[in-house]
Amino acid sequence: MSRWLLRRLVDAVVTFLLVAVLVFVLMRLAPGDPLDRLTEDRPMAPAEQARLRTLFGLDQPLGTQFVRFAEAAVRGDFGASIEYYPTRVTDLVTSRLGPSLLLGFTVLLVNLIGGVWLGVLQARRRGSRLDRWLTRLSLAGYAAPSFWLGWMLVSLFAIKWRLLPAAQMTDPLLPPDAGWLSRAADVGAHLILPAVTLSIVSLAATMRYQRSAMLEVLRLDFVFAARARGLSERRVIWRHAWRNALFPILTLLGLWLPILVTGAVFVEQVFNWPGLGSLTAGAVMTRDYPVLMATALLVAAAVLISGILTDLAHRWLDPRTRDG
Amino acid sequence: MTPLLTVDNLRVTFPRAAGPSTPVDGVSFAIDRGERVALVGESGSGKSLTCLALLRLIPNPGVIAPGSSIRLDGTEVLSLEGEALRAIRGGRIGLVFQDPMTSLNPVLTVGYQVREAVTAHRNMSRAEARDRTIALLDEVGIPDPAERADAYPHQLSGGLRQRVMIAIALAGEPDLLVADEPTTALDVTIQAQILELLDRIRARRNMAVLLITHDLGVVAGRTDRVMVMYAGQIIETAPTARLFAAPAHPYTQALLQSMPRLTGPVGRLVSIGGSVPDPTAWPTGCRFHPRCDRRITPCAGEVPPWRAAGPGQEARCWLIEGVAP
């Protein structure tokens, strides 16, 4: 077990280093340059440009640039953003991480509870009218582009009916002396539309996976045997059947965890949500190398860590893999 | 004394595109307290569905047809729902399955699965349930029961798993234990052990046992009475010794002849020509007549009545010169 974990950790570290090198090199090979954008609409003297290049270390050869980056990154310093100079990249990322996590966890919770429950319900009533309608609705949600769905919800709930805020995470007109309760209510109201949008487009996957996993388990002998020993239907479904049908959901969860951290680019843009997704999208447009590097590494770390966590959970939940 | 279980005109039907199929078609029998009865038949004869019907566990989309009756101690099982039905399942009637490899939940410990069967039928504290679980595992001959309770099914051999399944079936203190081919999936050496175990437990608890099997060899010496099933119906019932000595129905005779014997001259094993007919279109008259080499005039056209063929022995065959019981 510990040997297995050690090997997984070593693998993860090696992968992480490879990703770091690749992203660093590819980013600089890609066309475009952070200074291009700065000089786009206002001509700049060549001497001034050279000074900026030196400031950001862009005049150095690629190898030197990487070594400088790595030396600083190991100490937790990712330099200053080019776009938001002189804001430090770490400050920028940490301020955006909270909103992304808030949105991500809300969606994850809705998704897990709702998707699992609906998927199990569908499997139990396979072929019924309810099953067919839930399939249609969930697939319609899955097929809807998130930015379009976001706009539609905004135009209905925010513009037409004026029930919910259209964008941002907080109301700028909220008095600065407002209590924590009204602040939380304010954030909650702003959270509803982006969370609903993301939940609708992602719920179908959980439901479909859960439905088919459950259907497969429900026809196994031990479910029948559980019923034959006089257990309640709830116990048969959840303790016996679902306990064996949660592994695909666990895998799906592992694929989602990174999105929690990285944020949802489209939805964050539509709702002007101050998360990492919109920060990354902006950094791509402006070729803000330090910000891009930090977010790319954050994604890589999230993917690798969630992979290990998923495997650990799998081993913990399935006794057959424990002895292997 | 009224019998423990009375099954009357049990019919199980499945809707099919070609018309309804009736794999169990008019089965009637009774089992007394403490009696050991065998239900014997080929695959497809309807014996497994008959025993599942006792617990109302007919798989979808099958239904028990109206007009059927299953009475347990005078209570009509077919009119029970919810709690009352669950009290029968595992409580009054315990069920042992054919394949212990697939009948235990792989992610729950065997102790947990026995314990939940115990607490499903009796209110008791955690400690009591735990003690009861270990006592049950001990009763079915599992060594180190306290330790084995924490094992997962994949850590146990097939024989031990079937013992666990028997412990689960006993957890509700049933009056009737239904064992559906309990040894078919096991090694030959383990088969005898499991059958002996079932015998010992039955004798100790004085519960009735309904043993379902396709193997007449399993039946001899272990049951009081044998019912032979063919094409959805019981066609002969007799005390076990009588059935082996003087089978009355040509199907039973053929079944016995197809069994290898250790004594007597070694000859070719006889097999019965043809196969069990299709339940969507049972043959008219006697259902065995297309495969019977002794058929006479009425066999194809008229359903044979029950006839007494010997002490405690009855069969449905036109060849028997007896009076209707």
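Reader: How many residues of chain A are in contact with chain B, and what makes it a contact?

Author: Keep in mind that this is a predicted model. In it, 22 residues of chain A are in contact with 25 residues of chain B. The test is heavy atoms within 4.5 Å, so a residue that passes is counted. The area buried between the two chains is about 2100 Å², and carbon and sulfur atoms give 59% of it.

Reader: Which residues of chain A lose the most area to chain B?

Author: F224(A), A228(A) and R229(A), which together make up 30% of what that side buries.

Reader: Why is the pair R229(A) and E116(B) called a salt bridge?

Author: The closest N and O atoms of R229(A) and E116(B) are 3.1 Å apart. The cut-off is 4 Å between a side-chain nitrogen of Lys or Arg and a carboxyl oxygen of Asp or Glu, so this pair qualifies. The count between chain A and chain B is two salt bridges. Polar contacts across the interface come to 13 residue pairs, both partners at pLDDT 80 or more.

Reader: Which helices of chain A supply residues to that side?

Author: α9 (221–228), α10 (233–245) and α15 (319–322) each supply at least two. The largest share, six residues, comes from α9(A). By type, the side of chain A that touches chain B has eight nonpolar, four polar and 10 charged residues.

Reader: What makes F147(A), W148(A), W151(A), M152(A) and F266(A) a nonpolar patch?

Author: A patch takes residues with over 30% relative accessible area and no salt bridge, and joins nonpolar side chains within 5 Å, so these five belong together. Together they have about 530 Å² of accessible area. Helix α7 (residues 146–160) of chain A gives the most, with four residues, and W151(A) lies in that helix.

Reader: Which peptide bonds are called cis, and how do you know?

Author: One runs from Y85(A) to P86(A), with omega near 10°. P86(A) sits in the loop between α4 (62–74) and α5 (89–124) of chain A. Another cis bond joins N60(B) and P61(B), where omega is about -5°. P61(B) is in the loop between α1 (47–54) and β4 (63–64) of chain B.

Reader: And what makes N272(A) worth a look?

Author: Phi of N272(A) is near 50°, a positive value in a residue other than glycine. You'll find N272(A) in the loop between α12 (265–270) and α13 (276–286) of chain A.

Key
Residues are numbered from 1 along each chain as its sequence is written. Chains are lettered from A and ligands numbered from 1 in the order in which they are written. This is a predicted model: local features need pLDDT of at least 70, side-chain atom pairs count only at pLDDT 80 or more; totals for chains, interfaces and linings use all residues. Side-chain values use heavy atoms; hydrogens and water are left out. Buried area is the accessible area (1.4 Å probe) that two parts lose on being put together, summed over both. A polar contact is a pair of N or O atoms within 3.5 Å; within protein, one must be able to donate a hydrogen and the other to accept it, and residues adjacent in sequence count only if both atoms are side-chain atoms. Ala, Val, Leu, Ile, Met, Phe, Trp, Tyr, Cys and Pro count as nonpolar, Asp, Glu, Lys and Arg as charged, and the others, Gly among them, as polar. Patches are made of residues with over 30% relative accessible area and no salt bridge: like charges are joined within 9 Å, nonpolar side chains (Val, Leu, Ile, Met, Phe, Trp, Tyr) within 5 Å. Accessible areas come from the Shrake-Rupley method with a 1.4 Å probe; for residues, only the protein chains shown count as cover.
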